[in-house]
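Notebook open, structure loaded. I'll jot down what I look up as I go.

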Amino acid sequence: MLQQELEFRGINRKHLGMYFEELGGKPITNQFPYIYKSDNWCGEIVGEDELTITSTFKVNTVNVRFYASDEETLKELIKNYRVKTRRIGG
């Protein structure tokens, strides 16, 4: 099974789980690692931490791992997940 891990910053862990559900994943666990499974892929929210940028500016970081049986499915999952996490200021 192929896998890839990404780090997301500034996005709530619960939202990241919700994005897996919106893509068709079913929650399997309710603690770290949070696991979401579909027929074709699996996603895990592996850990959450806090990154200190300055003494007053801190942002959360969440590590997410993606699994799929083939490269095309993995690329498609990550592409669709990234669309969900895109933030556009305004």
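**Entry 1: T85**

Does T85 count as buried or exposed? I looked up its relative accessibility, and at 10% T85 counts as buried; the cut-off for buried is under 20%. Bear in mind that this is a predicted model. T85 has its place in helix α2. I then listed what T85 touches, skipping residues up to four places away in sequence, and got F8, I11, L16 and Y19. For the polar end of the side chain, I found one of its polar atoms 3.0 Å from the backbone oxygen of R82.

**Entry 2: helix α1**

At the start of α1, a side-chain oxygen of N12 comes to within 2.6 Å of the backbone nitrogen of K14. After α1 comes G24, and its phi is positive, near 105°.

**Entry 3: the core**

Which residues of the largest nonpolar core touch the most other members? The core has 18 residues, and the ones I wrote down are F8, L16, F20, I45, V64, F66 and Y81. The elements giving two or more residues to this core are β1, α1, β3, β4, β5 and α2.

I took two of these residues one by one. L16, leaving aside neighbours within four places in sequence, is in contact with F8, I11, I45, V62, V64, Y81 and T85. I45 lies in strand β4 and counts as buried, at 0% relative accessibility. Not counting residues up to four places away in sequence, I45 touches R13, L16, G17, F20, F32, P33, Y34, Y36, V62, N63 and V64. I also took a distance along the chain here: the C-alpha atoms of I45 and S55 are separated by 27 Å, with the two residues 10 apart in sequence.

**Entry 4: rings**

A pair of aromatic rings is described by the distance of the centres and the angle of the planes. My count came to 8 aromatic pairs. For F20 and F66 the ring centres are 5.7 Å apart and the planes stand at 55°, so the pair is tilted. This pair links distant parts of the chain, with F20 in helix α1 and F66 in strand β5, 46 residues apart. Both F20 and F66 are buried.

How do the rings of F32 and Y34 sit? Their centres are 4.9 Å apart and their planes are at 75°, so I logged the pair as edge-to-face. F32 counts as partly exposed at 39% relative accessibility, whereas Y34 is buried with a relative accessible area of 13%. I also traced a cluster in which ring pairs link F8, Y19, F20, Y36, W41, F66 and Y81.

**Entry 5: charges**

Side chains of opposite charge can pair when their charged atoms come close. How many salt bridges does a search of the whole structure find? I got 6.

One of them joins R9 and E7, at 2.8 Å from N to O, and E7 is partly exposed with a relative accessible area of 41%. Another joins E22 and K84 at 3.0 Å, N to O. E22 is in helix α1 and K84 in helix α2, so this pair ties together parts 62 residues apart in sequence. I have E22 as partly exposed, at a relative accessible area of 44%, and K84 as partly exposed too, at 30%.

Then there is R65 with E44, where the closest N and O atoms are 3.4 Å apart. R65 lies in strand β5 and E44 in strand β4, so the pair ties together parts 21 residues apart in sequence. R65 counts as buried at 18% relative accessibility, and E44 counts as buried at 13%.

Methods:
Residues are numbered from 1 along each chain as its sequence is written. This is a predicted model: local features need pLDDT of at least 70, side-chain atom pairs count only at pLDDT 80 or more; totals for chains, interfaces and linings use all residues. Side-chain values use heavy atoms; hydrogens and water are left out. A polar contact is a pair of N or O atoms within 3.5 Å; within protein, one must be able to donate a hydrogen and the other to accept it, and residues adjacent in sequence count only if both atoms are side-chain atoms. Helices (H or I, at least four residues) and strands (E, at least two) are DSSP runs, numbered from the N terminus. A nonpolar core is a set of buried Ala, Val, Leu, Ile, Met, Phe, Trp, Tyr and Cys residues joined through side-chain atoms within 4.5 Å. Buried means under 20% relative accessible area, exposed over 50%, partly exposed in between (1.4 Å probe, protein chains only). Contact means heavy atoms within 4.5 Å. Rings of Phe, Tyr and Trp (its six-membered ring) pair if their centres lie within 6.5 Å; planes under 30 degrees apart count as stacked, over 60 as edge-to-face and the rest as tilted. A salt bridge is a side-chain nitrogen of Lys or Arg within 4 Å of a carboxyl oxygen of Asp or Glu.
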